[in-house]
Amino acid sequence: MIGGKKAVLYTAAVLIAIALGALLVVVRWRDDPVPPPPVASIACAPELIAATGECLGPVPDSARLDATLRPAADKIIQANQDMIAKGGRYVRIVLLTPLGVPANANKRSAISIAQVRFSLEGAYTALLRANSTREFFDPDAPGVELLLVEQGSRQEYVAALRDAILKLSSKEHPVVAVVGLGSSFSGTEEMTRALADAGIPSIGAVTSATSLSAANARTFHSVSPSNVDYALALEHLLATQKKALPVKHALIVADQNDDPYPRTLTEAFQTRLKSYLISAPQVFSGSTVDTPVTANVFVPIVTNICSAVQDQRAPLDTVFFAGRVADFGAFAEALANRVCRQRPLTVMVGATGFQAAQDRVKLLDEAQVTVIYASSADAPDWSHGVPGTPEGYPAFRKWFLSAGFEEASLSDGYAVSYHDAIAVAVSATRLAALGNPVPTAADVQAQFANLALANTVKAGAGTLDFGSRAAGDGRAKGKAVVFRQIGATGMRLPAGVPPYLTD
C-alpha cells in the first residue's frame, strides 16, 4: 500500500513537472517576437500574383518584405500614421517599385535587394522632410502619405496593378503622383502610359531610357538624365578632355534584346558619338530575369575587338557599352581572356548604379581595361564637398544620416534618386495646393511646368528645373551628371572634372 502511494505521488510529480515545463515553453515563446507569416500565407488576389510568385500591389505592412527592407519600410509606414494622427488634410503619393526578390529562386530581379533598400531609405528621408520642414515649399499645405506598392521584379505591366493603384485614391485623399518606377523596361513604359491615361503624374527615379518620355506618356517626368543626356555628357567630356582622353576610334557593344535601356542608349551613342565610330554595333543577347548571360556570349565580339585593335589604319581604343551592369561582368571576363590583352582598352558607359562594376576592378586591371562612366550621382565626392557638389546635397545627406541610415547606402545613387523623385512630386503638389485645399492629380500635373525659375527644386542631385522640358521629354534641366573611373590602366580621367549639367 505504501509502495502504491509512492508510485502515485511519483507519477503526479512527473505530470506536474511536465505541465510546468510546457508552461515555461509557452511563456518563453510568447516573450519572443512573433515571426511574420510566410509570403505564401498572405492573401493575394489571383490577378495580382506575378509569374515569379510575387504578390503585386499595395503593401500595407512590412511582413512580406525581405528582412533587410523592413526597418526602412516600417519607418515609412509609421511616418504615415504619425502624419494622419495629427489630423488635417493630406494627399497620397504612391511609391511604385520592385520591393524584393522573386519567390521563385530561379528568377532574378532587375534591381538588387540592396538597391531596393537604398531606394526605401531615400524615400523615407524625402517623406520626413516633406512633412516636417519648409524645404519643399509650404508644410501648411496638405500632408503627404507615401504608399508602398510592389511593382514586381520583372516590372511587367499588369492591368490589375494599375487598377489597384487607382483604387488607392479617394476624394478626400487623392493619389496625386506615382513615383519610383524601377528600371527602364517595357512594362515601365506601359505603366506610365496607363497612368497618363488616368491623368496621374509619374516621376521616374533612375529611369533613363529615352523612350520613357512625356512625348509618349504626357504625365511622365523624371529626375534621371535620359540616355541622350548621358551620351551628351560623354561627348562633352571627350571634347573638353582631349589630351587626357585621346579617343579616336571606337565601336558600340550593344544588347540586342527588346529592352528600352540598351536600345535607346545605343541610339544615343550612334547619334552623339558617331564621329568616333568605325563600324556598326557589335551585338549580344543580354541577360533576362530567367537567363543570365555568360562570357561565351561575348567571344565573337571580343574577337572582332582584337581585330580592330590591330588595324594599323584606325586602331580601336574605346568601346561604348550599351548594356546593363548585370551583363558587364561577363563582358569583363571575356575581355580578360582576349588575345590582344597587351593593348589597353577603354570602355565608356552611362548609367545610374554602374559603380557595381567596381567589384571587377582586379580583373579589369589584369586585362588592361579601364571603365569611364557617366552617372547621375557621386555621393563619395559630394559628401566631401568637392567643387560641383549640388546645392541641395548637404541638406539631403544631413537628413539621411539623422534618420539612422548609413553613409554606405549613398554609394550607388539610388537613395538620392528616389529621394529626389519624391521631393519633386511634393514640390508640385505644394504649388498646386496654393489654389486648392486638396489638389487633384490634374492640379499637380499642371504645376510641373512651374517648377522653374523661383520654384526650382533644390534636390539632392541637382537644382532641378522642369520648365523647359516639361512638355518635351518630361525630364529636368540642371541635373548633375558626374564622371567616374574603374581601373588603374589605360586612359586616365583627370581629377576634378566638373559635372555636366543637363539642359
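**Salt bridges and a buried serine**

Author: This is a predicted model, in which local features need pLDDT of at least 70, side-chain atom pairs count only at pLDDT 80 or more, and totals for chains, interfaces and linings use all residues. Residues are numbered from 1 along each chain as its sequence is written, and side-chain values use heavy atoms, with hydrogens and water left out.

Reader: How many salt bridges are there by the rule used here?

Author: The rule asks for a side-chain nitrogen of Lys or Arg within 4 Å of a carboxyl oxygen of Asp or Glu. Some of these bridges form a network, one of them linking D229, R469 and D473. By this rule the count is 16.

Reader: Where does R360 lie, and what does its salt bridge to E333 tie together?

Author: The side chains of R360 and E333 meet at 3.0 Å, N to O. R360 is partly exposed at 28% relative accessibility, and E333 is partly exposed at 33%. E333 belongs to helix 9 (residues 325-336), while R360 lies in the loop between strand 10 (345-350) and helix 10 (361-366), so the pair ties together parts of the chain that are 27 residues apart in sequence.

Reader: Is R313, which pairs with D311, buried or exposed?

Author: The salt bridge between R313 and D311 spans 3.5 Å, N to O. D311 has a relative accessible area of 25% and is partly exposed. R313, at 76% relative accessibility, counts as exposed.

Reader: Which side chain makes a polar contact with that of S376?

Author: S376 is found in the loop between strand 11 (369-375) and helix 11 (379-382), and at 1% relative accessibility S376 counts as buried. Beyond its neighbours within four places in sequence, S376 is in contact (heavy atoms within 4.5 Å) with residues including P225, Y230, W382 and K479. A polar contact is a pair of N or O atoms within 3.5 Å; within protein, one must be able to donate a hydrogen and the other to accept it, and residues adjacent in sequence count only if both atoms are side-chain atoms. At 2.6 Å, the side chain joined to S376 is that of T352.

Key:
Buried means under 20% relative accessible area, exposed over 50%, partly exposed in between (1.4 Å probe, protein chains only). Helices (H or I, at least four residues) and strands (E, at least two) are DSSP runs, numbered from the N terminus.
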